[in-house]
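Q: I'm new to this one. Can you walk me through the model?

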Amino acid sequence: MQFDVVVVGAGPAGLCFARSLAGSGLSVAVVEKQPLQAIEEPAFDGREIALTHASRGILEKLGLWERFDPADVSELRDARVSDGDSAHALRISSADGRSERLGWLVPNHVIRRTVAEAVAGQEGLGLVTGCGVQAVAGRGTGIEATLEDGRVIRARLLVAADSRFSQVRRMLGIGAAMRDHGTRMMVCRFKHTVPHHHAAWEWFDYGHTLALLPLNGNLSSAVLTLGPAEMDKAEAMDDAALAADLQRRMRGQRGEVTMTGTRHVYPLVSVYAERFVARRAALVGDAAVGMHPVTAHGFNLGLQGQARLAEEVLQAHRNGADIGSDAVLARYQRRHNAAALPIYAGTRTVVELYNSQRPLARVLRRTTLRVATRLPPFRRAIAAHLTQA
Ligand SMILES: Cc1cc2nc3c(=O)[nH]c(=O)nc-3n(C[C@H](O)[C@H](O)[C@H](O)COP(=O)(O)OP(=O)(O)OC[C@H]3O[C@@H](n4cnc5c(N)ncnc54)[C@H](O)[C@@H]3O)c2cc1C
């Protein structure tokens, strides 16, 4: 099988990249190890993805935003951050930014389904499902991906979008700095009696963190981070016990709580690839940068990264140049690293500071929040970052 581009992984990053090449005349193969049904009808996975204005812009350009059912899109107008029992909450309001909304929440499975629907029938696109890539090798002016069933796909460029635990990254000889935070995150939806007014809330407590994400109606998503023993206990609770536990942790902020739907637990591992490119290959999405979810930047960064790579590839294609050349890939590497590194490093600092039980870290985090609360320019800078188109 011969294509211009082969994308490994039909997750949101890989499929958005394939969609970015629509109409260019480039042929694209997308290889996904999960069966077709898991791509066409992805199950609810508990993740509610907070999208920035810049991400909305990219999704609009890809013709995806208008495909979302408005009932699935919830506005984010306010964000509050509290430290333990402290009365000082840092409040980032949409009034600090350039828009009435800081961003939007869209369920991950809805994003996945929508982009899968959009690429179905895309001219020049071939989707191979139910079979993973097990080897990659450079061959002359191209690259080959060998599938688990022995089939070989040849292309001018290979794009790995096969998750933060990317096997293809390793096959390409690219290392990654990984940090296992030793904690797990539970995500689940609940109904409540006190309205949220579309405000998100994050409590950095001692030994655990809890975030509440406002969904449409009196419905929210709880994002609970706990150490292993505490998480084992939470997972063993029935719905009534978990609701009571969350109600206690959120200090009555949402009134009475009733669990609804399934719970999902994720190990927390941050990953930053040593480089995002190899000969005739590039990493996108979590395979390049796997963020800790606390700052809700993973997919936002993945969307931007795939857009940068697509820009470079399309530019080369228009100029009649080689789309997989070292020069094209070096430009992507430079641009994406410059954008991703500060966000990754900033998120790591927040995570280390708020996970640490050392007395100095406790003082530092409380002081940081108090200072930030009293610094309107700081609040405005965060709001501007989120609302920047
Ligand atoms: C709890 C939680 C909350 C989050 N909240 C936010 C948020 O609010 N905002 C935000 O921006 N981000 C958020 N994220 C991050 C976001 O979910 C990820 O960044 C995004 O899903 C990554 O997409 P991806 O396509 O890179 O990888 P994935 O979604 O992991 O997809 C990878 C795909 O590759 C396939 N694959 C793997 N190996 C192979 C192989 N060898 N051959 C073929 N296929 C293969 C897999 O089956 C899968 O379909 C959150 C993450 C978590 C865990």
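Predicted model: local features only at pLDDT ≥ 70, side-chain atom pairs only at ≥ 80, totals over all residues.

Q: What angle do helix 1 and helix 4 cross at, and within what distance do their axes come?
A: They cross at roughly 30°, and the axes come within 9 Å. Helix 1 covers residues 12-20, and helix 4 covers residues 108-119.

Q: Left-handed or right-handed, when helix 1 passes helix 4?
A: That crossing is left-handed.

Q: Which residues in helix 1 and helix 4 meet?
A: From helix 1, P12, L15, C16 and R19. They meet N108, I111, R112, V115, A116, A118 and V119 in helix 4. By class, this contact has eight nonpolar residues, one polar and two charged.

Q: OK, zoom out. How many helices and strands are in the protein chain?
A: There are 11 helices and 20 strands. The chain has 389 residues, and 54% of them count as buried.

Q: What share of the contacts with a separation of 6 or more comes from residues 24 or more positions apart?
A: For the protein chain, that share is 73%.

Q: Back to helix 1. How do helix 1 and helix 8 cross?
A: Their axes come within 9 Å and cross at roughly 30°. That makes helix 1 roughly parallel to helix 8. The crossing of these two is right-handed.

Q: Which residues of helix 1 and helix 8 meet there?
A: Helix 1 brings P12, A13, C16, F17 and S20. Helix 8 brings F299, L303, Q306, L309, A310 and L314. The contact of helix 1 with helix 8 has nine nonpolar residues, two polar and no charged ones.

Q: And helix 3 with helix 8: what angle do they pack at?
A: About 50°, with the axes 10 Å apart. Helix 3 and helix 8 are therefore oblique to each other. Helix 3 passes helix 8 in a left-handed crossing.

Q: Which residues make the contact between helix 3 and helix 8?
A: S55, I58 and L59 of helix 3 do, with N300, L303, Q304, Q306 and A307 of helix 8. By class, that is four nonpolar, four polar and no charged residues.

Q: Tell me about L59. Where is it?
A: L59 is in helix 3, residues 53-61.

Q: Why does L59 count as buried?
A: Because its relative accessible area is 0%, and buried means under 20%. The buried residues of helix 3 are H53, S55, I58 and L59.

Q: What is L59 in contact with, beyond its neighbours within four places in sequence?
A: L59 is in contact with L51, L64, W65, F68 and L303. The C-alpha atoms of L59 and V115 are separated by 9.4 Å, though the two are 56 residues apart along the chain.

Q: Which residues other than glycine have a positive phi?
A: Among them are H198, with phi near 60°, and R251, with phi near 50°.

Q: Where do H198 and R251 lie?
A: H198 lies in the loop between strand 13 (176-192) and strand 14 (199-204). R251 is in the loop between helix 7 (239-249) and strand 17 (257-273).

Q: Buried or partly exposed, for each of H198 and R251?
A: H198 is buried, with a relative accessible area of 13%. R251 counts as partly exposed, at 35% relative accessibility.

Q: New topic: the core. How many residues has the largest nonpolar core?
A: It has 82 residues. Those with the most contacts inside this core are L21, L158, L172, V289 and L309.

Q: Which helix gives the most to this core?
A: Helix 8, residues 298-318, with nine residues.

Q: What does L172 contact, leaving aside its neighbours within four places in sequence?
A: L172 is in contact with V136, I143, L158, R275, A278, A281 and L283.

Q: Which residues does the second, separate core include?
A: That core has 18 residues, including W203, M231, L242 and M250.

Methods: Residues numbered from 1 in each chain as written. Heavy atoms only, no water. Core = buried A, V, L, I, M, F, W, Y, C linked by side-chain atoms within 4.5 Å. Buried < 20%, exposed > 50% of the residue type's maximum accessible area, 1.4 Å probe, protein only. Helix = DSSP H or I, 4+ residues; strand = E, 2+ residues; numbered from the N terminus. Contact = heavy atoms within 4.5 Å. Axes fitted to C-alpha atoms, helices over the stretch in contact; angles between N-to-C directions. Left-handed = near helix turned anticlockwise from the far one by under 90°. Nonpolar A, V, L, I, M, F, W, Y, C, P; charged D, E, K, R; others polar. Parallel < 35°, antiparallel > 145°, perpendicular 65-115°, else oblique.
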